[in-house]
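Please look over the model before reading the points.

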Amino acid sequence: MTSDPTLELRGVDKSFGPVHVLSSVNFTANAGEVTALVGDNGAGKSTLVKCIGGIHQVDAGELIFDGTPRTVAGPREAALLGVEIVYQDLALADNLDIVQNMFLGREEVTRLRTLNENSMEKLARHALDTLSVRTVRSVRQRVASLSGGQRQTVAIAKSVLWQSKIVILDEPTAALGVVQTEQVLELVRRLAEQGVAVILVSHNMNDVMKVADSIGVLFLGRMADQVRRKDVTQTQVVELMTAGRSGDLGLSPEESTGAAV
Amino acid sequence: MTSDPTLELRGVDKSFGPVHVLSSVNFTANAGEVTALVGDNGAGKSTLVKCIGGIHQVDAGELIFDGTPRTVAGPREAALLGVEIVYQDLALADNLDIVQNMFLGREEVTRLRTLNENSMEKLARHALDTLSVRTVRSVRQRVASLSGGQRQTVAIAKSVLWQSKIVILDEPTAALGVVQTEQVLELVRRLAEQGVAVILVSHNMNDVMKVADSIGVLFLGRMADQVRRKDVTQTQVVELMTAGRSGDLGLSPEESTGAAV
Amino acid sequence: GLTACGNNNASSSGGSSAPPANTKVGILLPDTATSPRWVSADPTELRKQCADNKLTCYIDNANGSATTQQSQAQALINAGVGVLLVVNLDSGSGKAIESLAQQHNVVTIDYDRLTAGGSAAYYVSYDNVKVGEDQGTALTQASEVKGKPAVNYVEIDGAPTDNNAAQFAQGYNSVLSKQPGWTKLADQTGNWDAATAQTVFTTMLGQHPNINAVMVANDTMAQSVINVLRAQGLAGKVAVSGQDATAGGLDNVMAGTQAFTIYKPVAGEADVAIKLAAQILAGQKPTAPTTVKDPTTGREVPAYLADPTVITKANVALPVTDGYVTAAAVCPTPALVQLCEANGIKMP
Amino acid sequence: MSAQTDDLVKQDQRGPDAPSEGLGALGAYIKDYFGRVRGGELGSIPALVGLIVITAVFSLVHQGFLSAYNLEALVIQAAPIIVMAMGLVFVLLLGEIDLSAGTTGGLCSAITAVLILRHGASWWLGLIVGLVVGLLIGFGMGWLRARIGIPSFVITLATFLAFQGVTLILIGGQGSVILPDNSPLIKLENSFVPLWLGWVLLALVVVGYAAIKINDALGRRRSGLSRPPFTVIAAKVAVLAVLGAVFTYEMGVNRNLSTNAFFNNKAQGMPWVVVLLVILFAVWNFVLTRTRYGRHVYAVGGNDEASRRAGIVVSRIRISVFVICSGMAAVSGIIAASLLQSVQSNAGAGNTLLLAVGAAVIGGTSLFGGHGRIIDAVLGGLVVAVIINGMSDLIQGANSAGYEWVVTGAVLLLAAGFDAVVRRSRAT
Amino acid sequence: MSAQTDDLVKQDQRGPDAPSEGLGALGAYIKDYFGRVRGGELGSIPALVGLIVITAVFSLVHQGFLSAYNLEALVIQAAPIIVMAMGLVFVLLLGEIDLSAGTTGGLCSAITAVLILRHGASWWLGLIVGLVVGLLIGFGMGWLRARIGIPSFVITLATFLAFQGVTLILIGGQGSVILPDNSPLIKLENSFVPLWLGWVLLALVVVGYAAIKINDALGRRRSGLSRPPFTVIAAKVAVLAVLGAVFTYEMGVNRNLSTNAFFNNKAQGMPWVVVLLVILFAVWNFVLTRTRYGRHVYAVGGNDEASRRAGIVVSRIRISVFVICSGMAAVSGIIAASLLQSVQSNAGAGNTLLLAVGAAVIGGTSLFGGHGRIIDAVLGGLVVAVIINGMSDLIQGANSAGYEWVVTGAVLLLAAGFDAVVRRSRAT
Ligand SMILES: Nc1ncnc2c1ncn2[C@@H]1O[C@H](COP(=O)(O)OP(=O)(O)OP(=O)(O)O)[C@@H](O)[C@H]1O
Ligand SMILES: Nc1ncnc2c1ncn2[C@@H]1O[C@H](COP(=O)(O)OP(=O)(O)OP(=O)(O)O)[C@@H](O)[C@H]1O
Ligand SMILES: O[C@@H]1[C@@H](O)[C@H](O)OC[C@H]1O
Ligand SMILES: [Mg+2]
Ligand SMILES: [Mg+2]
């Protein structure tokens with residue numbers, strides 16, 4: 001590979017008080033590819049995502065963007081680096097409506113610096129339409145009254161409105177219906193084709209095998225292995241997830257039993 | 001069928017202010033069976049579940065338990081009728097630990113009426129073990145610090161501690177890993193074998209086709225149809241979900257386009 | 001027709017026999033916390049005088065809030081009063097009320113407290129500096145300290161927000177600071193508040209166990225001082241002052257734990273003020289016996305000033321016989337009934 | 001955009017053919033409005049109804065309650081409460097509290113007064129210094145909250161106490177500082193807008209309101225979005241115009257009750273503070289509803305973690321609301337000083353703050369953050385002022401203070417209870 | 001239970017072979033403790049350290065601050081604050097507020113005093129009626145909150161005002177009602193536990209504490225759960241015993257300041273109110289940590305919807321905390337009356353409530369519900385009492401009040417700021 005990966009993590013450690021959640025994790029995501037991040041429940045996927053997003057600070061290790069190590073002090077810095085994230089816990093302001101949530105922090109304004117509600121409303125509706133959400137009555141509805149899947153759709157739609165270099169989706173289809181899931185996977189591929197580095201966290205192996213170019217497997221806070229999609233079978237990935245190793249892939253036998261919890 | 005279904009809904013209507021969410025929904029769940037409830041995002045599944053659980057009051061229609069119409073004034077009444085629900089939004093108290101959440105409202109006490117923490121802690125740990133959650137460090141951890149899947153597991157474990165007649169799981173596996181999902185599906189079958197009427201809300205058609213005996217399909221707030229698993233294919237169910245009809249199954253053409261939103 | 005009463009030096013300037021067109025008088029009282037008088041003695045006496053003078057009186061109490069007093073003044077002006085008696089909470093808000101009244105041609109009388117910079121037509125009061133002087137003098141006469149060559153004393157003053165408190169302090173300080181052999185060990189405010197006074201005095205006593213006298217500005221706070229002294233077995237051995245002749249204060253005077261209290265019979269103020277109001281409403285312009293100089297404007301405000309009485313064990317029954325406090329309030333328990341009777345207070 | 005979706009989101013967007021005028025559109029609009037009300041979106045209805053009911057009751061039991069004189073008294077008494085409540089709305093929107101708003105107001109007005117009187121500063125210099133001190137205080141408290149992480153209850157409890165002390169030290173033992181008679185500061189609450197100017201200002205307000213509403217509607221039409229029918233806009237403008245005209249007319253009546261033939265000075269026209277109130281309302285309402293900043297205030301109040309993740313600098317927003325609140329508290333303190341023509345050494349202490357917070361809450365602002373509007377401060381402040389004003393004349397006599405407290409508490413509770421019962425329809 | 005899981009949850013459960021005693025276990029326990037502290041589970045550490053620092057500072061600037069005399073003064077001044085704060089913890093745990101706790105206490109003590117003095121009731125009858133009124137008040141307010149849905153801020157603002165009025169009316173024109181000298185109510189704050197009894201009570205407390213801890217540990221061992229090493233338990237018991245002994249000893253010193261040779265009545269022994277405090281602490285701590293009710297209070301405070309879905313009758317819990325709070329307010333009011341040996345017509349007004357809430361918050365209780373313990377009230381109450389007591393003599397002179405307010409505010413802020421900085425390590 002001649003160019004640097006869009007995002008590279010090296011030796012990332014993260015603990016919460018006495019709890020070690022991530023231990024020297026390495027991970028790469030390339031532009032134009034979908035990189036899946038999989039792992040058992042509690043393996044540390046969301047924590048890793050939050051470290052990239054500046055929600056958590058890493059205890060040790062490097063975050064390298066386009067070859068340059070950076071500290072991501074907060075979500076603002078992450079955004080400036082072109083990182084856009086759909087968090088697993090969605091993070092919507094219940095007291096605001098769909099449009100307001102979708103443009104939160106990036107509201108459009110008129111020349112008079114007042115909010116350009118009309119433009120935002122149109123764009124928001126368009127974004128939702130592309131995700132096939134048919135039951136949303138009005139984009140002026142408060143998100144508090146949305147169904148689980150509708151909330152998820154709003155969060156996803158929010159993230160694709162912007163030109164980002166890295167889009168991270170933490171279990172974006174968990175609450176989605178069949179059709180909506182298809183749309184999101186299609187969206188993921190489309191983003192990658194546009195040159196975005198997409199990171200997809202998912203438990204759905206079918207989806208992962210379908211769209212991913214590369215797969216990173218977290219096992220109890222360690223990166224068991226990061227492999228190319230075409231080099232592995234679904235069974236191998238599942239083995240990596242549940243045991244930390246599969247054949248000569250993954251952690252050494254000692255590592256996989258003694259992994260930090 | 002000689003005996004009454006464990007739960008039967010007849011003509012249930014529910015609106016929130018100007019929004020009609022459920023329109024004359026009929027639905028049945030029998031003891032010893034897994035009844036799936038499927039439908040697009042925003043179709044009204046969770047609302048229906050909440051009506052059964054006494055969280056919402058129906059505007060019209062009947063809830064019939066073992067042949068007797070009842071009004072479910074609140075979650076307490078639902079519990080007394082033997083209904084146990086895992087809500088999609090989980091509803092855990094973040095400031096309490098896993099044990100405290102699992103026994104919330106049904107704490108065990110000693111002869112002196114003090115909390116029997118030891119007994120509860122043992123039972124809680126056992127319940128979690130059966131669901132193969134391996135990364136939970138301690139059952140005395142606050143649920144605020146749990147990962148998405150761990151939270152979901154706690155909510156599920158909570159619901160199976162009790163002898164219930166009806167167990168409703170609203171997208172229980174959305175955040176779960178491969179192994180944990182297997183465990184939950186197994187649990188669902190086991191509950192049904194024990195004679196419980198299990199209602200499973202899910203977007204995962206594979207799972208639904210695998211475990212369900214009967215499938216109710218909601219389409220834009222109407223019950224498109226409730227069918228026996230063995231009489232349909234997955235494609236038919238998906239068609240029912242997305243269009244309200246499939247061949248001669250489902251709503252009439254007029255109904256399926258004019259359905260209340 | 002209303003005839004002016006001559007015994008208070010208020011003389012008529014014109015003998016009008018026509019009934020007054022307006023018989024409404026507004027009375028603005030300040031608060032409920034600084035002294036019980038604003039809740040009991042004053043309103044009772046004022047009401048009685050109003051009835052005697054066939055006036056309609058509206059009595060309001062501002063609960064310590066200048067804003068409330070302002071709105072009460074507006075309400076009274078709206079109700080059409082012709083004379084307004086003001087006990088201000090401070091000179092500033094008092095002045096605002098008086099200029100408001102003036103705008104609407106309502107005559108104001110400063111009652112008990114002088115509104116510095118105000119425009120009241122009269123000032124009816126006790127002389128607060130005199131009250132303070134009497135307190136100081138009486139304290140030096142207390143049996144616990146009288147004749148002692150060296151006396152250590154501490155001071156607990158009233159609320160710094162209350163101008164009267166400053167005047168009391170001015171009075172007693174002028175006496176005590178000149179008293180040979182008297183040393184002031186500490187000086188704090190008790191804010192007219194029992195709890196504050198008690199905390200303050202507890203610490204004072206801890207710091208200065210050799211206190212002989214406590215110059216405390218009123219009875220409410222004196223009670224707290226006595227509580228603390230009693231816990232130390234010092235009640236009755238340290239001279240304690242007071243003011244207001246409250247039921248509790250009189251009890252303490254009888255019990256010998258408080259040296260004296262200052263009795264300011266409201267009649268001295270209320271009777272004069274209401275008669276004055278009646279005369280003003282009748283169109284007269286009475287001439288006051290004296291004037292008091294407004295400290296800010298230098299205006300000589302026509303004034304009626306009454307003299308306070310020092311109450312010691314010797315004349316403790318006076319406020320009861322005057323009807324200023326009831327015997328029931330002073331003697332609520334059997335033990336106190338005995339004490340009362342021994343001191344000449346007769347139970348009804 | 002698929003046709004199907006268009007169908008389903010028809011409430012959002014009307015095609016060019018859909019009637020956006022005429023009886024049909026009006027009917028749909030009204031139906032939708034009532035649907036929303038039934039669904040619990042009550043807006044100002046409870047506070048408004050409460051205000052009307054209390055006013056009606058007082059004017060029944062109490063002759064002259066609605067006289068021009070008392071109406072003016074009401075307005076000038078309500079002004080400091082309303083202004084303080086407006087500032088508090090910002091703090092409450094973030095789920096914070098400022099217990100010291102009252103004493104901050106007292107302190108700032110004390111500074112202004114002392115500067116003018118004891119140091120010979122001109123009135124505007126005193127005013128500016130007072131306001132700037134208010135802003136700095138807010139900044140300090142906001143900083144302690146946002147950066148150090150002390151709970152705002154404790155910070156502002158400490159400053160509540162401390163500022164009382166500072167004011168006391170400043171004003172000293174005299175109990176109060178009296179503003180000069182001719183000071184423009186006194187004019188705010190005690191001088192009146194000339195009648196003709198009152199009508200001109202009213203016209204400006206009505207025309208401005210109409211222009212904004214129409215412009216909004218046209219903008220939405222241009223963007224192809226649904227918009228309220230023009231009949232509705234016209235109706236709203238008409239209501240505003242009529243209410244404004246009634247008020248302006250009432251305030252034009254000579255309020256001087258004096259029958260005395262010697263004086264002939266009239267008291268007529270609305271107090272200048274009304275103009276200030278209108279301006280403050282317009283400005284803050286604009287800020288909250290039409291700027292990014294306002295949007296961010298709501299967002300942080302609704303979910304501060306989500307806001308942080310959206311790149312909003314939460315600490316900056318948090319500090320800013322304290323700055324606004326303390327600044328408005330300073331303005332409120334100065335209005336109160338204008339009302340009393342002086343500053344007390346206990347200015348802003350006592351119940352000042354509690355009543356202002358009560359006003360915002362009765363108006364509909366939540367103490368838990370995320371929900372509140374500037375109009376809440378206005379309506380709630382009027383409710384509180386009506387209660388206090390109505391009370392101050394209702395009960396007389398020896399224990400009047402005690403009974404007034406009791407009745408004030410009871411009426412407050414009734415107002416809030418009414419409000420709660422009306423709102424409760426929201427909960428299913 | 002799979003072997004693998006057992007491995008992974010080893011912190012929960014030690015196999016029979018794992019050392020639960022000895023140096024290894026102790027080390028692990030201590031390491032775990034510090035890990036938790038670093039992770040932000042600070043418990044009472046900030047409040048405790050704050051208390052120690054403030055006390056140290058005051059005893060430096062102020063001779064005799066730690067004398068037996070002043071220590072007793074501190075305890076009896078802290079008692080009403082602590083008791084009120086204990087009640088408030090319950091209300092705060094639900095994210096509610098009771099602004100009227102102060103005036104409720106004032107009202108209840110006024111009722112007790114008036115009954116005894118004016119209606120010849122015996123002291124215990126007066127006491128019972130006062131307490132029952134407190135409970136009823138709490139029930140009423142809780143009912144309005146839970147059933148009608150009025151925000152507690154407004155309800156208790158209304159009662160805050162109203163009860164001040166009722167007390168004023170009750171106490172009437174006398175300004176205060178003075179309790180009879182020999183009344184047992186006065187004894188609470190002014191009489192002392194005989195020395196021998198003090199030591200016996202201390203022994204009871206220490207033995208009781210040890211018994212409970214050991215019993216808990218044995219129970220966990222029986223259930224096969226991990227338990228703290230006995231060395232840790234022994235250490236905790238020892239600390240309690242030593243602190244208790246120091247206190248009991250200090251309180252046994254004769255505090256009589258009089259150097260007079262004629263009298264030798266001693267003031268020694270701890271005030272009875274200490275016994276009451278210990279009992280109240282034990283009872284409420286037990287209720288919150290070891291009963292279903294206490295668990296439900298935390299649950300409702302953490303997530304009331306989740307609690308409702310778990311079948312907890314949320315409204316009942318909500319009403320109950322107001323009942324407890326008002327009941328404790330009544331007790332606090334009576335302790336305050338005992339301290340002042342009288343009830344004032346403004347009892348419980350002013351800053352009483354704010355300081356008690358401040359105490360709970362400084363102790364570590366959250367205003368947003370779900371987090372708080374009874375010990376918070378005790379430690380926070382002590383902090384506040386130390387500040388007030390330390391302050392009461394630091395500054396002298398006419399304007400001392402002003403400076404004291406300022407310094408009180410500043411110290412409060414410092415205490416809270418310290419607390420916040422220590423706790424901040426929690427946030428990443
Ligand atoms: N703030 C925290 N404090 C303590 N432990 C935490 C905290 N946040 C996460 N953890 C722990 O870190 C581990 C990893 O959590 P994380 O959310 O990253 O898992 P995940 O891989 O996203 O799991 P899932 O698939 O269930 O979403 C979990 O065991 C969790 O309990
Ligand atoms: N409180 C409410 N107020 C208004 N509308 C509501 C409310 N609750 C739900 N809705 C609406 O009702 C519809 C059905 O919601 P529901 O949560 O039942 O959907 P669902 O079938 O569970 O969807 P999902 O698969 O996304 O969970 C949605 O359109 C939602 O916006
Ligand atoms: O009598 C005193 C009164 O004059 C003063 O204003 O307030 C306190 C009282 O004790
Ligand atoms: Mg996750
Ligand atoms: Mg759902």
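This is a predicted model: local features need pLDDT of at least 70, side-chain atom pairs count only at pLDDT 80 or more; totals for chains, interfaces and linings use all residues.

A polar contact is a pair of N or O atoms within 3.5 Å; within protein, one must be able to donate a hydrogen and the other to accept it, and residues adjacent in sequence count only if both atoms are side-chain atoms. Residues are numbered from 1 along each chain as its sequence is written, chains are lettered from A and ligands numbered from 1 in the order in which they are written, and side-chain values use heavy atoms, without hydrogens and water.

**Ligand 1: contacts and cover**

- The side chain of Thr47(A) places an N or O atom 2.5 Å from an oxygen of ligand 1.
- For the side chain of Gln88(A), the corresponding distance to an oxygen of ligand 1 is 2.9 Å.
- Protein covers 86% of the 640 Å² of accessible area that ligand 1 has on its own (Shrake-Rupley method, 1.4 Å probe; for residues, only the protein chains shown count as cover).

**Ligand 1: the shell**

- Chains A and B both contribute surrounding residues, so the site is shared between chains.
- There are 21 residues around ligand 1 (a heavy atom within 4 Å).
- Lys45(A), Ser46(A), Thr47(A), Ser147(B) and Gly149(B) come nearest.
- Helix H1 (45–52) of chain A and helix H5 (148–159) of chain B each supply at least two shell residues (helices are DSSP runs of H or I, at least four residues, numbered from the N terminus).
- The shell divides into 4 nonpolar, 14 polar and 3 charged residues; Asp, Glu, Lys and Arg count as charged, Ala, Val, Leu, Ile, Met, Phe, Trp, Tyr, Cys and Pro as nonpolar, and the others, Gly among them, as polar.

**Disulfides**

- The whole structure holds 2 disulfides over all chains (cysteine sulfur pairs within 2.5 Å).
- Cys50(C) pairs with Cys57(C), S to S 1.9 Å.
- The S-S torsion of Cys50(C) and Cys57(C) is about -80°, so this disulfide is left-handed.
- Cys331(C) pairs with Cys340(C), their sulfurs 2.1 Å apart.
- The torsion for Cys331(C) and Cys340(C) is about -100°, so that bond is left-handed.
- Cys50(C) and Cys57(C) are buried (under 20% relative accessible area; exposed is over 50%, partly exposed in between; 1.4 Å probe, protein chains only).
- Cys331(C) and Cys340(C) are buried.
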